[in-house]
Amino acid sequence: MRSGSVATTATTLVDARLNVSPFLLRELGPYLAGKHKGRRLTVPTLMLHGTRDLAIDHRALGDWQSHALKMAVELRDDSGHFINEELPELVASRARALFSDGYELRGQTEEGA
């Protein structure tokens, strides 16, 4: 991998986050071992995901419907991995709407621009 490539930059960013995230280190092993396999979210859930995310490609979300009873995924072309830092007003607005039952969860992927 050449220095300065997108993959090198992504690896560096992930490594930096791993070094400062005891939560991720503690939870990653059990997750990969299947701790949550077969379990489903039972509360209304909205996932906001940036399509410019270098760590988790939005095309890998695939079968998200099987993980929740009532869930929507909103893809945002104007954000990457840290959507809460990149679009804080949007995240706050969606959270307020979701918690007040003002966000309609249709169980379909929605594209945002």
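Reader: Which residue forms a salt bridge with D57, and how far apart are the closest N and O atoms?

Author: Start with the general idea. Side chains of opposite charge can pair when their charged atoms come close. Now the case here, in a predicted model. R59 is the partner of D57, and their closest N and O atoms are 2.6 Å apart.

Reader: Is R59 buried or exposed?

Author: R59 counts as exposed, because its relative accessibility is 66% and the cut-off for exposed is over 50%. D57 has 31% relative accessibility, so D57 counts as partly exposed.

Reader: How many salt bridges are there by this rule?

Author: The count comes to four. Look next at E74. One of its salt bridges is with R76, with the closest N and O atoms 3.3 Å apart. E74 also pairs with R94, and there the closest N and O atoms are 2.8 Å apart.

Reader: Why does the pair of E74 and R94 tie together parts that are apart in sequence?

Author: Check where each residue lies. E74 is in strand β2 (residues 71-76), while R94 is in helix α4 (residues 88-99), so the pair links parts 20 residues apart in sequence.

Reader: Which residues do salt bridges with shared partners join into one network?

Author: The network holds E74, R76, D78 and R94.

Reader: Are E74 and R94 buried or exposed?

Author: Both E74 and R94 are buried. R76 is buried as well. For this label, relative accessible area must be under 20%.

Reader: Now the surface. Which residues form a nonpolar patch there?

Author: Find L24, L28, Y31 and L32. Together they have about 400 Å² of accessible area. Take Y31 as an example. Y31 sits in helix α2 (residues 22-32). Its relative accessible area is 53%, so Y31 is exposed.

Reader: Let us turn to pockets. What volume does the second largest pocket have?

Author: Its volume is about 190 Å³.

Reader: Which residues line the second largest pocket?

Author: Read them in two runs along the sequence. M47, L48, H49, G50 and D53 are in the lining. G80, H81, F82, I83 and N84 are there too.

Reader: Which element supplies the largest share of that lining?

Author: That is β1, with four residues. Both β1 (45-50) and α3 (83-86) give at least two residues each to the lining of this pocket.

Reader: How many nonpolar, polar and charged residues are in the lining of the second largest pocket?

Author: The lining has four nonpolar residues, five polar residues and one charged residue. G50 and G80 are among the lining residues.

Definitions and conventions. Residues numbered from 1 in each chain as written. Predicted model: local features only at pLDDT ≥ 70, side-chain atom pairs only at ≥ 80, totals over all residues. Heavy atoms only, no water. 1 Å grid on protein atoms, 1.4 Å probe; cavity = no way out; pocket = protein on both sides within 12 Å on 5 of 7 lines; lining within 4 Å. Points joined across faces, edges and corners; volume = space filled by probe spheres on them. Nonpolar A, V, L, I, M, F, W, Y, C, P; charged D, E, K, R; others polar. Salt bridge = Lys/Arg side-chain N within 4 Å of Asp/Glu carboxyl O. Buried < 20%, exposed > 50% of the residue type's maximum accessible area, 1.4 Å probe, protein only. Patch = residues over 30% accessible without salt bridge, like charges linked within 9 Å, V, L, I, M, F, W, Y side chains within 5 Å. Areas by Shrake-Rupley, 256 points an atom, 1.4 Å probe, with all protein chains shown as cover.
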